[in-house]
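Here's a quick tour for anyone opening this structure for the first time. Have a look around, then read on.

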Amino acid sequence: MGGVNDPRMGTINQRERCKTCDCGYSGQSKMSDCAGHFGHIELSRAVYHCGFMDEVLKVLNCVCFHCSKLLLDKNDHRSKLALSYKDPQTRMRAICTLCKTKKRCQTADVSQMTSMLNDLGEIGENGVTAATPASESVGCGGMVPKITRKGLLFEVEFPENMEDIPGNGERRQRLSAQKAFEILKNVSDEDAITLGLDPKWVRPEWMIVTVLPVPPPHVRPSVEVPGMAASADDLTHQLISIVKTNMFLEDSIRKGEPPHIIESFEELLQFRVTAFFDNERADMPNETQLSGRPLKTLRQRLRGKEGRI
């Protein structure tokens with residue numbers, strides 16, 4: 001129980017029954033056959049999804065690194081023109097172009113400060129001051145770093161005149177997927193809609209992987225040869241590598257290992273998960289079996305229409 005071959009995900013053995021639906025498997029596509037059930041792996045640290053790297057970078061460059069507020073000044077005439085586009089993709093491109101030049105998160109102007117001060121007397125439930133539209137739209141005033149993509153990783157470069165630099169204090173740092181997830185998670189639904197995302201179907205943080213789906217054994221069947229051990233599918237090989245790396249990372253975090261050790265395991269987990277999606281990327285080495293043959297993972301199956309999907 002709990003492994004990549006958990007019996008609760010279904011069975012492809014005619015002598016066994018599924019632990020979830022109690023159905024058997026005949027191999028003849030009968031209605032009574034178990035169709036398989038997806039499992040999942042809860043990752044110790046978030047990783048970037050290789051299919052949404054560019055979209056994540058666009059959103060990160062459009063919101064504040066510190067408070068996740070949209071960097072757009074909605075009173076500017078260029079911003080009003082960008083917001084007037086009805087097509088979500090066109091609107092996001094226009095907003096990204098404007099936000100690239102922003103050096104500081106927008107703060108409150110005189111009218112907004114006056115509105116907030118006037119509303120301080122309004123007490124909400126439990127004695128807490130009620131939030132106002134003016135206070136919700138005000139940024140932190142912090143300096144905005146520059147975020148760039150380096151292969152499967154993001155780098156953040158803080159301004160020279162910035163005094164209190166978060167993290168390890170260096171001007172140029174690696175932006176972990178966990179930090180990016182926290183930034184995107186704090187983006188409001190209103191700002192997400194402005195960027196062209198519908199929170200009902202997609203939130204910005206959903207483009208970062210925190211829980212990895214595990215396909216049932218019907219998608220990755222093992223091959224049994226009489227007199228020999230069963231040969232596992234390439235997807236199963238890669239899932240085992242992901243589970244082992246995730247366990248090493250979790251153990252390092254629990255033991256309080258130095259940051260550079262935890263960071264190396266995070267990068268390894270990023271590499272394993274990316275190879276599970278696409279093992280033929282030009283910006284990383286291929287995952288191989290002991291014989292040296294590259295593993296055929298999800299993208300290779302979809303492209304070549306090999307195996308069951």
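Predicted model: local features only at pLDDT ≥ 70, side-chain atom pairs only at ≥ 80, totals over all residues.

What follows is a short walk through a sheet, the nonpolar cores, a helix pair and one threonine.

Let's begin with the strands. Three of them, in the order S2-S3-S4, make up an open sheet with antiparallel pairing. S2 (146–150) and S4 (172–175) sit at the edges with a single partner strand each, so one side of each has no neighbour in the sheet. On average, and ignoring direction, neighbouring strands here are turned by 30 degrees against each other.

Now zoom in on one pairing. S2 and S3 (residues 153–157) run antiparallel and are joined by 5 bridges. If you'd like to find one of these on screen, look for Thr148, whose bridge partner in S3 is Glu155. In general, strands of a sheet pair through backbone hydrogen bonds.

## The nonpolar cores

Next, the inside. The largest nonpolar core counts 40 residues, and Tyr48, Leu60, Phe154, Leu175 and Ile208 have the most contacts inside it.

Leaving out residues up to four places away in sequence, Tyr48 touches Met53, Val56, Leu152, Phe154, Leu175, Ser176, Ala177, Ala180, Ile208 and Gln270. There's also a second, separate core of 19 residues, with Ile41, Cys50, Val214 and Leu235 among them.

How do H1 and H6 pack against each other? Their axes are 11 Å apart and meet at an angle of about 60 degrees, which makes H1 oblique to H6. The crossing of H1 past H6 is left-handed.

As for who does the touching, H1 contributes Val56, Val59 and Leu60, while H6 contributes Ala180, Ile183 and Leu184.

## A threonine to finish

Last stop: Thr194, which lies in helix H7 (residues 189–194). Is Thr194 buried or exposed? Its relative accessible area is 12%, and buried means under 20%, so Thr194 counts as buried.

Setting aside neighbours within four places in sequence, the contacts of Thr194 are Leu70, Lys74, Leu83, Arg91 and Ile95.

Definitions and conventions: Residues numbered from 1 in each chain as written. Heavy atoms only, no water. Pairing = 2+ DSSP bridges. Helix = DSSP H or I, 4+ residues; strand = E, 2+ residues; numbered from the N terminus. Axes fitted to C-alpha atoms, helices over the stretch in contact; angles between N-to-C directions. Core = buried A, V, L, I, M, F, W, Y, C linked by side-chain atoms within 4.5 Å. Buried < 20%, exposed > 50% of the residue type's maximum accessible area, 1.4 Å probe, protein only. Contact = heavy atoms within 4.5 Å. Parallel < 35°, antiparallel > 145°, perpendicular 65-115°, else oblique. Left-handed = near helix turned anticlockwise from the far one by under 90°.
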